[in-house]
Amino acid sequence: MPRLKKKLIVVGDRLLVRPEDGEERTNAGLYLPQTAVSARQARGGWVVSVGPGMPVATPVDPDEAFGESESPRYVPLQAQEGDYVLFLHKAAVEITFEKKNYLIVPNSALLVLVRDEWEDGDAGWEPDALG
């Protein structure tokens, strides 16, 4: 018998984040100040899914009040699946889905993104060049 598969669909300008356990240093290499760790103001995690973005209103033509409606348009979010995000903990909503903990985080609560990208040849800067 086929099993019904459930899927979380993120709406609007929100992100679905797999939270990281609170530490002074995140797995992505970011150091959190002691005030942020103790008060749990900032928290980090990995982006699992991204909503379509912020909806943009389409201008209404008064001559076509009952004409065809266009599909909704969105301003895409900067975050992508797989990014590491640091965000304000108070703005996040904790959920459990299929025995896994996630956070729903609004885009406005993001503080910083860490994205792994491949470098093409010489990036022009090397850590050893500074000292």
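Q: Where is Arg-43 found?
A: Arg-43 sits in strand β2; helices (H or I, at least four residues) and strands (E, at least two) are DSSP runs, numbered from the N terminus. This is a predicted model, in which local features need pLDDT of at least 70 and side-chain atom pairs count only at pLDDT 80 or more, while totals for chains, interfaces and linings use all residues. Residues are numbered from 1 along each chain as its sequence is written, and side-chain values use heavy atoms, with hydrogens and water left out.

Q: Is Arg-43 buried or exposed?
A: Arg-43 counts as buried because its relative accessibility is 15%. Buried means under 20% relative accessible area, exposed over 50%, partly exposed in between (1.4 Å probe, protein chains only).

Q: What does Arg-43 touch?
A: Leaving out residues up to four places away in sequence, Arg-43 touches Pro-19, Glu-20, Val-85, Leu-86, Phe-87, His-89, Glu-94 and Leu-103. Contact means heavy atoms within 4.5 Å.

Q: Switching topic: how many aromatic pairs?
A: The count is one aromatic pair, where rings of Phe, Tyr and Trp (its six-membered ring) pair if their centres lie within 6.5 Å; planes under 30 degrees apart count as stacked, over 60 as edge-to-face and the rest as tilted. The rings of Trp-46 and Tyr-84 have centres 5.0 Å apart and planes at 75°, so the pair is edge-to-face.

Q: Where do the two sit in the chain?
A: Trp-46 is in strand β2 and Tyr-84 in strand β5 (residues 84-88), 38 residues apart.

Q: And Tyr-84, buried or exposed?
A: Tyr-84 counts as buried, at 2% relative accessibility. Trp-46 counts as partly exposed, at 22%.

Q: What makes up the largest nonpolar core?
A: It has 12 residues in all, including Leu-15, Val-47, Val-85, Phe-87, Ala-92 and Leu-103. A nonpolar core is a set of buried Ala, Val, Leu, Ile, Met, Phe, Trp, Tyr and Cys residues joined through side-chain atoms within 4.5 Å.

Q: Which elements give two or more residues to this core?
A: Those are β1 (14-19), β5 and β7.

Q: What does Ala-92 touch?
A: Not counting residues up to four places away in sequence, Ala-92 touches Phe-87, Leu-103, Ile-104 and Val-105.

Q: Overall, how many helices and strands are in the protein?
A: There are one helix and eight strands, running β-α-β-β-β-β-β-β-β from the N terminus on. Of the 131 residues, 24% count as buried.
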